[in-house]
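Let's take a friendly walk through this model, one side chain at a time. Have the sequence and the coordinates open as you read.

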Amino acid sequence: VWMVGEEDAGGTLHLRGDSDAHIVRGLIALLLKLYDGRPPREILDTDAREALARLDLEGHLSPSRSNGLFAMVRRIKALAAAADARG
């Protein structure tokens, strides 16, 4: 997984990500829908597990994919924390 975040002048974090695996690319798309274009503090305050629970996503992912999904969430939160500390 490749993932980067850039903060604009208004303090909004813009995320980009990609993967060679199609399933992972779909998981990235869900996370971008949830987090992209939001202020870092809002990203830090958003609980991905709670938001994604409505989709029953974890029930349909292998343990490995589920771990990867939440590793991406941790990466996004780390990008948001770094932006929040700067700003």
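Is aspartate 45 buried or exposed? Aspartate 45 is exposed, its relative accessible area being 56%; here buried means under 20% relative accessible area, exposed over 50%, and partly exposed in between, computed with a 1.4 Å probe on protein chains only. Before going on, please note that this is a predicted model, in which local features need pLDDT of at least 70 and side-chain atom pairs count only at pLDDT 80 or more, while totals for chains, interfaces and linings use all residues. Residues are numbered from 1 along each chain as its sequence is written, and side-chain values use heavy atoms, with hydrogens and water left out.

Now look at the partner of aspartate 45: its side chain forms a salt bridge with that of arginine 41, at 3.6 Å from N to O. A salt bridge here is a side-chain nitrogen of Lys or Arg within 4 Å of a carboxyl oxygen of Asp or Glu. Because aspartate 45 and arginine 41 are four residues apart in helix 2 (residues 40-45), about one helical turn separates them. Helices (H or I, at least four residues) and strands (E, at least two) are DSSP runs, numbered from the N terminus. Arginine 41 is partly exposed, at 42% relative accessibility. Salt bridges with shared partners join Arg41, Asp45 and Asp84 into one network.

By this rule, the salt bridges number seven. One of them pairs arginine 86 with glutamate 7, at 3.6 Å from N to O. That pair connects distant parts of the chain, with arginine 86 in helix 4 (residues 63-86) and glutamate 7 in strand 1 (residues 2-7), 79 residues apart. Arginine 86 is exposed at 61% relative accessibility, whereas glutamate 7 is partly exposed at 31%. Another salt bridge brings together the side chains of arginine 25 and aspartate 18, at 3.0 Å from N to O. Arginine 25 is partly exposed at 36%, and aspartate 18 is partly exposed at 34%.

Glutamate 7 also leads us to threonine 12, in the loop between strand 1 and strand 2 (13-18). Threonine 12 is buried, with a relative accessible area of 18%. Beyond its neighbours within four places in sequence, threonine 12 contacts (heavy atoms within 4.5 Å) Glu6, Glu7, Gly37, Arg38 and Pro39.

Finally, turn to phenylalanine 70: arginine 49 lies over the face of its ring, 4.0 Å from the ring centre. A charge sits over a ring if NZ of Lys or CZ of Arg is within 6 Å of the ring centre and within 35 degrees of the ring normal.
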